[in-house]
Amino acid sequence: MELLPPMRFQLHPDDHERYGDGSWLYDEAALVRLPIKELVQIESSVGPLTNVMHRLRLDYTDARLAVVWIARRQAGIVESFDSFEPLISLATVSAPEEDADPPAPGSDSSPSTDPPPPSPKPGNPGSRSKRESRRTDSPT
């Protein structure tokens, strides 16, 4: 199964009083790299992770609930999965925000003003034709 790109969840405003108004990152690449004992603890709450991951791709509500709970757990929020009951169908999902600022003008990462070297094209002087490139050098 191919891993999903990270996604950010934010609960509906009606849930903010109980669960907070922050947003939480669900990152499958980070999740599958957790120590095995932690994965087992998560699975004991939400069920097998492969099922959760598969069902998330099909947009099942139980999977969305599980991944938001996992994302909150990854952020250090300790709560029982059994008592986690937000309005999950009204939660918003977005791509994570970029943390890096674009480079300042004139910085070392600005593109070079030198033109790129010309690429050889068939029929141009200095480039080998297709026929020449297929020939082998053999004595005659």
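Helices (H or I, at least four residues) and strands (E, at least two) are DSSP runs, numbered from the N terminus.

1. Basis of the note. This is a predicted model, in which local features need pLDDT of at least 70 and side-chain atom pairs count only at pLDDT 80 or more, while totals for chains, interfaces and linings use all residues. Residues are numbered from 1 along each chain as its sequence is written, and side-chain values use heavy atoms, with hydrogens and water left out.

2. Overall architecture. The protein chain holds six helices and three strands, and from the N terminus on these elements follow the order β-α-β-α-α-α-α-β-α. Of its 140 residues, 24% are buried (buried means under 20% relative accessible area, exposed over 50%, partly exposed in between; 1.4 Å probe, protein chains only). The accessible surface of the protein chain is about 10,400 Å², and carbon and sulfur atoms hold 52% of that area; accessible areas come from the Shrake-Rupley method with a 1.4 Å probe, and for residues only the protein chains shown count as cover. Among contacts (heavy atoms within 4.5 Å) with a separation of 6 or more, 59% are made by residues 24 or more positions apart.

3. Aromatic pairs. Rings of Phe, Tyr and Trp (its six-membered ring) pair if their centres lie within 6.5 Å; planes under 30 degrees apart count as stacked, over 60 as edge-to-face and the rest as tilted. By this rule there are two aromatic pairs. In one of them, the ring centres of Tyr19 and Phe84 are 5.0 Å apart with the planes at 80°, so the pair is edge-to-face. This pair joins distant parts of the chain, 65 residues apart: Tyr19 belongs to helix H1 (residues 16-19), and Phe84 to the loop between helix H5 (61-74) and strand E3 (92-94). Tyr19 is buried at a relative accessible area of 8%, and Phe84 is buried at 2%. Trp69 and Phe81 also form an edge-to-face pair, with 5.4 Å from centre to centre and 70° between the planes. Here Trp69 is in helix H5 and Phe81 in the loop between H5 and E3, twelve residues apart.

4. Surroundings of Phe81. Phe81 has a relative accessible area of 16% and therefore counts as buried. Not counting residues up to four places away in sequence, Phe81 touches Ser45, Val46, Leu65, Ala66 and Trp69. The C-alpha atoms of Phe81 and Ser45 are separated by 6.1 Å, although these residues are 36 residues apart along the chain.

5. Charges over rings. A charge sits over a ring if NZ of Lys or CZ of Arg is within 6 Å of the ring centre and within 35 degrees of the ring normal. The charged end of Arg55 sits over the ring of Tyr60, 3.7 Å from its centre. Arg72 lies over the face of Trp24, 4.5 Å from the ring centre.

6. Backbone at Asp59. Most residues other than glycine have a negative phi. Asp59, which is not a glycine, has a positive phi of about 60°. Asp59 lies in the loop between helix H4 (49-57) and H5, and at 48% relative accessibility it counts as partly exposed.

7. A buried charge. Asp15 is located in the loop between strand E1 (7-10) and H1. Asp15 is buried yet has no salt bridge, the nearest side chain of opposite charge being Arg18 at 6.6 Å. A salt bridge is a side-chain nitrogen of Lys or Arg within 4 Å of a carboxyl oxygen of Asp or Glu; Lys and Arg count as positive and Asp and Glu as negative, while His and the chain ends are not counted. Apart from neighbours within four places in sequence, Asp15 is in contact with Gly20, Pro86 and Leu87.
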